[in-house]
Amino acid sequence: IQKYESALAHDPNNYPITLNLAVTYDNMANPHDVAGNDSTRPANAEELQQKAAGYYKKAIDLKPDDYAANFNLAIMYYNDAVKFGKQANSLGSSPAEQHKADSLIKIQNQLLDNALPYLEKAYQLLDAKDKLTNNELIAYKSTLTGLKQLYARKNELDKSNEMKTKL
């Protein structure tokens, strides 16, 4: 991180360094084990995630026509929303638990709303390409899946079905 931040201090418009710094903060906030499963988040995960989001947004400003920062920021928000949804679904039916579930669902919905424009931008950028690399194809499929689910959740079934057809 120090090397990336030092490099950005000397070259603040360096897209690859900005994107790599965002990904590094994102990975620190949302660690995974060797098998790719979620690991315990650090105590400062929220702070790390805010830094990741800031650097993703800066990368998007630097290179708005590159899908990577849009896709990664969307996935960060989307994955957070999934965690809040799982927490809400694990609660019981008592009034106190339902009140907590309602609060968690509100947070989940806000995170999904945050993810949507970045997923849509990643989709536009990837869909416009004549040929996709393997990494781009993986991102494209994930983008279509995410959009299909988000549109269905928002009851925009025509858009959801369009994404399903593309998948």
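Accessible areas here come from the Shrake-Rupley method with a 1.4 Å probe, and for residues only the protein chains shown count as cover. On that basis the chain has an accessible surface of about 9900 Å², of which 50% belongs to carbon and sulfur atoms. Keep in mind that this is a predicted model, where local features need pLDDT of at least 70, side-chain atom pairs count only at pLDDT 80 or more, and totals for chains, interfaces and linings use all residues. Residues are numbered from 1 along each chain as its sequence is written, and side-chain values use heavy atoms, with hydrogens and water left out.

Let's start with the overall layout. The secondary structure comes to seven helices and zero strands, taking helices (H or I, at least four residues) and strands (E, at least two) as DSSP runs numbered from the N terminus. Along the sequence that reads α-α-α-α-α-α-α. Taken along the principal axes, the C-alpha atoms fill a box of roughly 55 × 40 × 30 Å. Of the 167 residues, 36% count as buried; buried means under 20% relative accessible area, exposed over 50%, and partly exposed in between (1.4 Å probe, protein chains only). As for contacts (heavy atoms within 4.5 Å), take the ones between residues at least 6 apart in sequence: 56% of them join residues at least 24 apart.

Now for the charged pairs. A search of the whole structure turns up seven salt bridges, each being a side-chain nitrogen of Lys or Arg within 4 Å of a carboxyl oxygen of Asp or Glu. One of them joins R41 and D80, at 3.8 Å from N to O. R41 sits in the loop between α2 (15–29) and α3 (45–62) and D80 in helix α4 (residues 67–89), so this pair ties together parts that are 39 residues apart in sequence. D80 is buried, at 6% relative accessible area, while R41 is partly exposed at 31%.

Another salt bridge links D127 with K166, and here the closest N and O atoms are 3.2 Å apart. D127 belongs to helix α5 (residues 95–127) and K166 to helix α7 (residues 157–166), so the pair ties together parts that are 39 residues apart in sequence. Both ends are partly exposed: D127 has a relative accessibility of 30% and K166 one of 37%. Then there is K129 with E136, where the closest N and O atoms are 2.5 Å apart. K129 is partly exposed at 38% relative accessibility, but E136 is buried at 9%.

L144 is buried, with a relative accessible area of 1%. Leaving aside neighbours within four places in sequence, L144 is in contact with Y123, M163, K166 and L167.

What about empty space? Rolling a probe the size of a water molecule over the atoms shows where it is left. On a 1 Å grid over the protein atoms alone, a pocket is an open set of points where a 1.4 Å probe fits, with protein on both sides within 12 Å along at least five of seven lines; lining residues have an atom within 4 Å of a point. The largest pocket has a volume of about 390 Å³, a volume being the space filled by probe spheres set on the points, which are joined across faces, edges and corners. Of its 17 lining residues, the closest to the centre are D26, N30, H32, I75 and N79. The elements that give two or more residues to this lining are α2 and α4, and α4 gives the most, with nine. By class, the lining of the largest pocket has six nonpolar, six polar and five charged residues (Ala, Val, Leu, Ile, Met, Phe, Trp, Tyr, Cys and Pro count as nonpolar, Asp, Glu, Lys and Arg as charged, and the others, Gly among them, as polar).

The second largest pocket has a volume of about 160 Å³. Its lining includes R41 and D80, which are the partners of the salt bridge described above. Also among the lining residues are E46, Q49, M76 and F84. Here α3 and α4 are the elements that give two or more residues.

One last stop is N155, in the loop between α6 and α7. Most residues other than glycine have a negative phi. The phi of N155, though, is near 65 degrees, a positive value. N155 is exposed, at 60% relative accessible area.
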